[in-house]
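Hi everyone, thanks for coming. Please bring up the model on your screens, and we'll walk through it together.

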Amino acid sequence: TLLSLTGENGRMHSFDLERIGSGLVVSQSRDEIERALAAGAAVITAPPGTGKTTFVPPLAANALPSGRILVTQPRRVAVRAAARRIAELDGSPLGGPSGFTVRGERLVSRDTRIETVTPGVLLRRLLTDPGLDGVAAVVLDEVHERTVDGDLLLGMLSEVRALRDDLVLVAMSATLDAEPVARLLDAPIVAIGSVLHPLEISYAPAVSARIGARGVERAFLDHLASLAVREQAAAAHDALVFVPSARDVDEVVRRIRDLSGDVEALPLHGRLTAAAQDRATPGRQPGDPPRIVVSTALAESSLTVPGVRLVV
């Protein structure tokens, strides 16, 4: 197993934590997290945007001499986004030291040290390999999103640790009630604060009704699209617009595209192909036009869209 996780020179890949953690609040707690990892388990609470998903898995990989680090994300789009972000900051190709596995798609190699997966993928792996041979640590991210798969994983992994005292287990969340999970895992709690930024809130109600007999009214979607275009132009930053359903996402995107050719309107919802979802989740590249990402609740949790400073 060790051979399958080494590079061509036979040495384990080392992540550049200074580069990956640059500007991330979570990196300020590096020593405390390392002490918790050395104890075998940790519960990490940190607000959104502090960088826990990006920084903790590479930190665990460097702290552990061998074995793969498995990281769970509750949604496939978040799995791909997290793996891609770590690879970008590491300066390595996706599928190299950082890879991922979701249902129907796997991008890993013999060099992969961090493999990001959905809870369902990890559950199936546990059923076929209860000891998780070759795995050094499991990082359960966004555990506050209480699901059957997620809760089952917590229970099963706590039993695996009873058989394998070398397996490191980390639970992370932005809004977790940490005490019960810490007791279950017999783990210390690492609480990470957040840097506060100025927040300006304004209201722009529509003249028409928002909801009708058939759901969200077309006139309200017109208002939402024109508001997003106007406010994005005034703010000169990328925007994120939330609507209830995939149908509403597609309708608002179409309206924004009709209203303005100066911005790139991108949909984000669960019905899209992986390529279309991945188009919306990375930050805007140099030379690209400003972006308005229109999303369902998919982007409310477990996913950070870089570059956004305006939310409608």
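Predicted model: local features only at pLDDT ≥ 70, side-chain atom pairs only at ≥ 80, totals over all residues.

Residues are numbered from 1 along each chain as its sequence is written, and side-chain values use heavy atoms, with hydrogens and water left out.

Okay, the strand is β13, residues 291–295. Helices (H or I, at least four residues) and strands (E, at least two) are DSSP runs, numbered from the N terminus. Why is β13 largely enclosed by the rest of the structure? Because five of its five residues are buried; buried means under 20% relative accessible area, exposed over 50%, partly exposed in between, with a 1.4 Å probe and protein chains only. R291, V293 and S295 sit on one side, I292 and V294 on the other.

Who are its partners? Strand β11, residues 238–242, pairs with β13 in the parallel sense over four bridges, and pairing takes at least two DSSP bridges. There, L240 stands opposite V293. Strand β12, residues 264–268, also runs parallel to β13, with five bridges, and P267 faces V294.

Now Q232, which is in helix α8, residues 218–235. Q232 counts as buried, at 4% relative accessibility. Beyond neighbours within four places in sequence, Q232 is in contact (heavy atoms within 4.5 Å) with residues including R291 and I292.
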